[in-house]
Amino acid sequence: MTDAAGLSEDLSHQAELWAAASVKPHHLGHRERLRDRALKGGIEALPDYELLEMHLFRSIPRGDVKPLAKALLARFGSLAGVLGATVAELRTVKGVGEAVALDLKLLHHTALRIGKEQVARRTVITSWAQLLAYVKVALAHEAREQFRVLFLDKKNQLIADEVQNHGTVDHAPVYPREVMRRALELSASAIILVHNHPSGDPTPSAADVDMTRQVIEAGRALRITVHDHLVVGRDGVASFKALGLM
């Protein structure tokens with residue numbers, strides 16, 4: 001009886017092991033299902049966290065990356081916020097190592113280059129939507145103020161997009177003479193001023209308005225036109241010209 005009871009107990013234990021082995025973690029096969037859904041239903045139909053998941057597949061070849069994708073979106077607020085974060089900021093999220101952070105920044109800079117190419121190939125004034133999209137990708141999620149100048153030729157095509165100065169969370173110093181000196185070096189006929197508000201609100205400040213007037217005055221004597229001043233924030237892009245501020 002003892003032997004029979006022991007055999008029965010062994011068989012029961014073995015059955016439990018087989019049953020446990022047949023239960024797979026929920027994430028096994030998830031990558032294949034997600035890839036299949038993207039191929040059949042279209043990548044554009046994927047929510048942001050799944051799009052981010054699919055990118056993380058390349059950086060993290062095994063395991064469930066859905067929690068990491070959701071953690072990144074929760075930390076930075078949006079897909080654009082994730083890509084716009086610095087390497088140091090990305091690495092504050094548990095599970096993000098150097099390789100993951102670098103891969104995300106590569107994706108961000110790829111988007112920037114594509115946007116810049118679209119602007120550079122056309123007359124800037126007639127491709128305004130592309131210009132606004134480009135400056136928003138470039139600056140909307142910068143943690144510090146950054147002042148940039150787009151230098152244009154006689155046909156209003158982009159010669160150069162240059163960062164003139166970095167600042168603090170609420171100020172980037174601007175020197176009108178330096179802006180015009182660089183415009184002359186590049187033989188630019190016109191410029192567009194661009195800077196960001198890390199607070200997220202693109203509403204121009206009194207200091208922004210005053211600085212813009214100084215740059216316009218400096219350019220007038222040199223026959224260099226200031227077409228616009230764009231202020232970029234997470235909430236949108238404000239145009240001085242559209243607001244009647246110039």
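These are my notebook entries on a predicted model of one protein chain.

**Entry 1: the whole chain**

I began with the overall make-up. The protein chain has eleven helices and five strands. I then looked up burial, and 39% of its 246 residues count as buried.

How many salt bridges does the structure hold? I found seven. I started with Asp 161 and Arg 148, whose closest N and O atoms are 3.0 Å apart. This pair links distant parts of the chain, with Asp 161 in strand E2 (residues 158–166) and Arg 148 in strand E1 (residues 146–152), 13 residues apart.

Are these two partners buried or exposed? Asp 161 has a relative accessible area of 11%, so I wrote it down as buried. Arg 148 is at 14% relative accessibility and therefore also counts as buried. Both values sit under the 20% cut-off for burial.

**Entry 2: salt bridges along helices**

My next stop was helix H9 (residues 176–185), where Glu 178 and Arg 181 both lie, three residues apart, about one turn of the helix. They form a salt bridge, the closest N and O atoms being 3.0 Å apart. A reminder to myself: an α-helix has 3.6 residues a turn, so residues three or four places apart point the same way.

I checked the accessibility of both partners. Glu 178 is partly exposed, with a relative accessible area of 38%. Arg 181 comes out at 41% relative accessibility and is also partly exposed.

Helix H10 (residues 206–220) gave me Arg 220 and Glu 217, which are three residues apart and therefore separated by about one helical turn. Their side chains meet in a salt bridge at 2.3 Å, N to O. Arg 220 counts as exposed at 52% relative accessibility, while Glu 217, at 48%, counts as partly exposed. I also traced shared partners: salt bridges join Glu 162, Glu 178, Arg 181, Arg 182 and Glu 185 into one network.

**Entry 3: rings**

I looked for aromatic pairs, and the count is zero. A charge over a ring did turn up: Lys 70 lies over the face of Tyr 49, at 4.7 Å from the ring centre.

**Entry 4: helix H4 and what follows it**

Which residues of helix H4 (residues 66–76) are buried? I listed Leu 68, Ala 69, Leu 72, Leu 73 and Phe 76. Looking down the axis of H4, I see these buried residues fall within an arc of 135°, so they line one face of the helix. After H4 comes Gly 77, and its phi is positive, near 90°.

**Entry 5: His 108**

I picked out His 108, which lies in helix H7 (residues 98–120). At 7% relative accessibility, this histidine counts as buried. What does His 108 touch, not counting residues up to four places away in sequence? My list is Leu 83, Gly 84 and Val 137.

**Entry 6: positive phi outside glycine**

Last, I went through backbone angles in two loops. Ser 187 has a positive phi near 55°, in a residue other than glycine. I located Ser 187 in the loop between H9 and strand E3 (190–196). With a relative accessible area of 58%, Ser 187 is exposed.

Arg 223 is not a glycine either, yet it has a positive phi of about 60°. I found Arg 223 in the loop between H10 and strand E4 (225–233). Its relative accessible area is 77%, so Arg 223 is exposed. The cut-off I used here for exposed is over 50%.

Technical notes:
Residues are numbered from 1 along each chain as its sequence is written. This is a predicted model: local features need pLDDT of at least 70, side-chain atom pairs count only at pLDDT 80 or more; totals for chains, interfaces and linings use all residues. Side-chain values use heavy atoms; hydrogens and water are left out. Helices (H or I, at least four residues) and strands (E, at least two) are DSSP runs, numbered from the N terminus. Buried means under 20% relative accessible area, exposed over 50%, partly exposed in between (1.4 Å probe, protein chains only). A salt bridge is a side-chain nitrogen of Lys or Arg within 4 Å of a carboxyl oxygen of Asp or Glu. Rings of Phe, Tyr and Trp (its six-membered ring) pair if their centres lie within 6.5 Å; planes under 30 degrees apart count as stacked, over 60 as edge-to-face and the rest as tilted. A charge sits over a ring if NZ of Lys or CZ of Arg is within 6 Å of the ring centre and within 35 degrees of the ring normal. The arc is that of the directions from the helix axis to the C-beta atoms. Contact means heavy atoms within 4.5 Å.
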